[in-house]
Structures are given as C-alpha cells and as structure tokens.
Amino acid sequence: MASEGLPKNQDLSDPETQYILEGNARFRRLGWKRLTIISIVEAIALGSLGLPSAFATLGMVAGVILTIGIGLVAMYAGYNIGQVKLKYPEVGHYADVGRLLLGNVGSKIFVASFVALLIFVIGSHCLTGAIAFQTITESSVCSVVFSIVSAAILMILAIPPSFAEIAILGYIDFASIILAIGVTVIATGIQNSGSSGSIDHTPWSAWPMAGITFSQAIVATNNIVFAYSFAGCLPSFMEDMHTPEDYTKTLWWLGGIQIVIYTLTGSLIYAFVGQEVQSPALLSAGPVISRVVFGIALPVIFISGSINVTVVCRYIHGKFYHDSAARFINTRKGWMTWLGLITLVIILAWIIAEAIPIFSELLSIISALFVSGLSFYIPPVMWFVLLREGAWYERHNLQPAVCNLVVFIVGMVVFGCGTYSSIAELVHKFQSGEISKPFTC
C-alpha cells in the first residue's frame, strides 16, 4: 500500500506526506525473482573463494558432506527468520528481532551483532579487492594503497539506497562470479592435464590432510559456514518486497544454487590443484590466469560488498530517521546523512581489512563471532519463543523441535570452537611471520 506508514487522518497534500508516499512507492517494489538475484549476489561471493582451501584441509569426503549439510541447515534457519518477519511485520531488519526475544537489552545486543557482522563482511570485500588489484597489476605499490582504492569503489557503488535500483547490477555480479569460478576450474583442469596426463594423478585426498590440528579443521569448517551467511540480510530484503510471503521461493532457489555451486567449486578446484590450493581460490590458477580471473571477479567483489554496505546503512539510517521522511533518502537532509553514514561504515570496514590481513582467518572470525548466531543458533530460538504453537513435545511440534535443536547445536559448535580456533590460528601466523603486521605494506 502506498499509504503504509502514514498517521491516521494525515493530510495527503502535506509535503512531508508526499515524501513518505514517494518513498514507499520507491522502496516497496521488489519481487521474489529480483530478490533471488540480489540474494545470490549478496551470498555467492567471497565465501565460494575460500572453499577449495577448506576442502584441502578437510579432505574431499568431509568437504562435500559439510558443504551440503551446512547448506541445508542454513536454509532451514533462514525459513524460520522469514516466518518471524511475516508474523511480526514491524521487524524491518534482523536486529529488530532482539527486542521481541529479550526486550531493550536484546535489541542492543542484536543491533551490535548485526551491524558488526556486515561491517566485517564489507572489510573482507575490501581485503579481497586489494588482493585482486595487487594480482592484476603485479605492482610494487603498497598494499594499503590498493585497500584504500577498494574502499572508495565500495563507497561509490553503495550510494543508491534502494535494492530495486541496484538489482540490475546483480546480473553483472552473478555472471562475474560464475565466469571467474568457471575460468579457474577450466584453467586448473587444463594445467593439471598438461602436467600429469591424468586427473587420477592429482595430489588430492579423500581424507583430511596429514598432521591436521583441531584449529585448522575448525577454521576450514568456518570458511564453509561463512559461505552460507546470507540469513542476516533476509528481513532487510523482505522489507523491500511487495509480496513478502514469496520469500520462500527465493530461499529455496538461493539455497539450492549455493549448494551446487559451492560443492562443484570446492571439489573441482581442489581436485585439479591439490594440497597447494590457495585462499582465495582465484590465486591457484597460475600467474597469468589469476590476473585474468581476478579482473573478471572485480564486479562480484565490489557489487556484493556494496550491497552489504546498503543493508547496514539502511538499517542505521532508518532507525535514526524513524519518524521522518528523511528515512527514504529523498530529501536534502536524508541524502547528506546517507552519504556521511556510508563513508563512516566504509572507513570502519577498511580498518578491519588492514587489521586482519589474511583471507581465510578473517572469514573464520566472522563466522565464529557473528554468522554462528545470526544464521544458526538464534533462528532455532526464534522458533521456540516466537513461532512455536503449543508445547514443543506435542506431536505436531516434534519434528521442527528436533530440527531446530540440531541447528542450534551446529551454531554453538561454530561459535565456541570457531572463536578459539580462529584466534589461535591468527596468533600463530602473526608470531611465525606468515603474515605481515597490520597497516603495513
């Protein structure tokens, strides 16, 4: 409805009212097909680039099982989140669920987690952009310069505030990541065939690598978990839908496509490259091909990152201007604060990218601290507290109760074990000199 959000008996000729009507018309026009494209863009990005390395650590068997299993768990958790949004329309973003669960305290905790997750994810895009520019140019320019350039591109692409307005970029983005992965798979396959004569001779293993430590296994698993971190943005996207009930179509399409692409990407590149596969995976195609595929991947690095900027800034901006037409970013004040906000978020993300300058560990820390909760152990709590009808042990509740318990356990394992392992691995690599100090060339 165009009049949604208007006070009763509001004068429709009032300029403030006109801004609200225009804002609703501008933002509430997202269909499930467009949402699927945007969700794919937001979801199938950097996560896929860390999977072959995770397969190399865990082995082919465990890698495939975890990729499919965690994908199904993430889809089920996402379904719960969407049901909460439908049952409680006042939930505009994931962080709003905190108030429903734990009141004001819960609201603050969820806001902090939601905002921090997206800023960390934006930081991972900033880091990958810097790696891409270094690889493409083969320049001796300080890496800090490339990370600043990446941050600037992310900020420019995040200026349009409506998801529908940037949906067209999603097609470019999706083609970018599929083509980059495809070229990497084909190139590594050709290189393997030329060097060994047979795929059977490639040094991959069905089982975990020799001498694997607990921390290494958990960090690798968390890289797979990160690839399914889309759930936190789902309520934000649904807020722009003209028919929010259609989110389930998007969820099943997105989940299915993710599982197929991730399983093929992780298994094929690992099979072709073997234990020497790098993270991000595009570095594994050899010097020349890596430059080509990073060039192809530039749209997905920056468009996906900018969508995350838009999600977090839309949330903060909407809360700040909750009762003002400025929240629709169609007034002078709205635009000024919007531009200032995306600048602040980008600066924070850049600091994170420079502070944790290693791809796999950054993804693992994000998974352990934020994705574990927002995408896994909190959605089951939503079902038990907000969605469940009757006692959990009643016959109609037994199946969802068991499924949600499994999802909750997965999330808690990722949080507890993942946090310890990520920090332990990061400290080890800093001490051993495997990675440079923060904010240096």
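**Salt bridges**

The model is predicted, so I kept to its thresholds: local features need pLDDT of at least 70, side-chain atom pairs count only at pLDDT 80 or more, and totals for chains, interfaces and linings use all residues. Residues are numbered from 1 along each chain as its sequence is written, and side-chain values use heavy atoms, with hydrogens and water left out.

I looked up Lys85 and Glu239, which form one of the bridges, with the closest N and O atoms 2.4 Å apart. Lys85 sits in helix H5 (residues 60-87) and Glu239 in the loop between helix H10 (234-238) and helix H11 (247-273), so this bridge ties together parts 154 residues apart in sequence. Lys85 is buried at 7% relative accessible area. My classes are buried under 20%, exposed over 50% and partly exposed in between, with a 1.4 Å probe and protein chains only.

Next I took Asp96 and Lys319, whose closest N and O atoms are 2.9 Å apart in a salt bridge. Asp96 is in the loop between H5 and H6, and Lys319 is in helix H12 (residues 287-320), so the pair joins parts 223 residues apart in sequence. I read Asp96 as buried, with a relative accessible area of 12%, and Lys319 as partly exposed, with 43%.

I also noted the bridge between the side chains of Glu138 and Arg291, at 3.5 Å from N to O. It links distant parts of the chain, the H6-H7 loop for Glu138 and helix H12 for Arg291, 153 residues apart. Arg291 is partly exposed at 35% relative accessible area.

**Glu138 backbone**

I stayed with Glu138 and checked its backbone. Most residues other than glycine have a negative phi. Glu138 has a positive phi of about 50°, although it is not a glycine. Its place is the loop between helix H6 (97-137) and helix H7 (143-157). Is Glu138 buried or exposed? I find it exposed, with a relative accessible area of 53%.

**Thr57**

I went to helix H4 (residues 51-58), where Thr57 is found. Thr57 counts as buried, at 12% relative accessibility. Between Thr57 and Pro208 the C-alpha to C-alpha distance is 5.7 Å, while in sequence they are 151 residues apart. I listed the contacts of Thr57 (heavy atoms within 4.5 Å), leaving aside neighbours within four places in sequence: Pro208, Met209, Ile212, Gln216, Ala217 and Ala220.

**Aromatic pairs**

I paired rings of Phe, Tyr and Trp (its six-membered ring) with centres within 6.5 Å, calling planes under 30 degrees apart stacked, over 60 edge-to-face and the rest tilted. The count came to twelve aromatic pairs. Trp392 and Tyr393 have ring centres 5.7 Å apart and planes at 85°, so I filed the pair as edge-to-face. Trp392 is partly exposed at 46% relative accessible area, and Tyr393 is exposed at 56%. I also noted a cluster in which ring pairs link Tyr79, Tyr247 and Trp252.

**Nonpolar patch**

I looked for patches among residues with over 30% relative accessible area and no salt bridge, where like charges are joined within 9 Å and nonpolar side chains (Val, Leu, Ile, Met, Phe, Trp, Tyr) within 5 Å. Leu369, Leu405, Phe408, Ile409, Met412, Val413 and Phe415 make a nonpolar surface patch of about 560 Å². Areas are from the Shrake-Rupley method with a 1.4 Å probe, and for residues only the protein chains shown count as cover. Which helix gives the patch its largest share? Helix H15 (residues 395-432) does, with six residues. Met412 is in helix H15 and counts as partly exposed at 34% relative accessibility.

**Cysteines**

I searched the whole structure for disulfides (pairs of cysteine sulfur atoms within 2.5 Å) and found zero. Cys313 is buried, at 0% relative accessible area, whereas Cys417 is partly exposed, at 26%.

**Whole chain**

The chain has 15 helices and zero strands. Of its 441 residues, 56% are buried. Among contacts with a separation of 6 or more, 83% are between residues 24 or more positions apart. The accessible surface is about 18,100 Å², and carbon and sulfur atoms hold 68% of it.

Methods:
A salt bridge is a side-chain nitrogen of Lys or Arg within 4 Å of a carboxyl oxygen of Asp or Glu. Helices (H or I, at least four residues) and strands (E, at least two) are DSSP runs, numbered from the N terminus.
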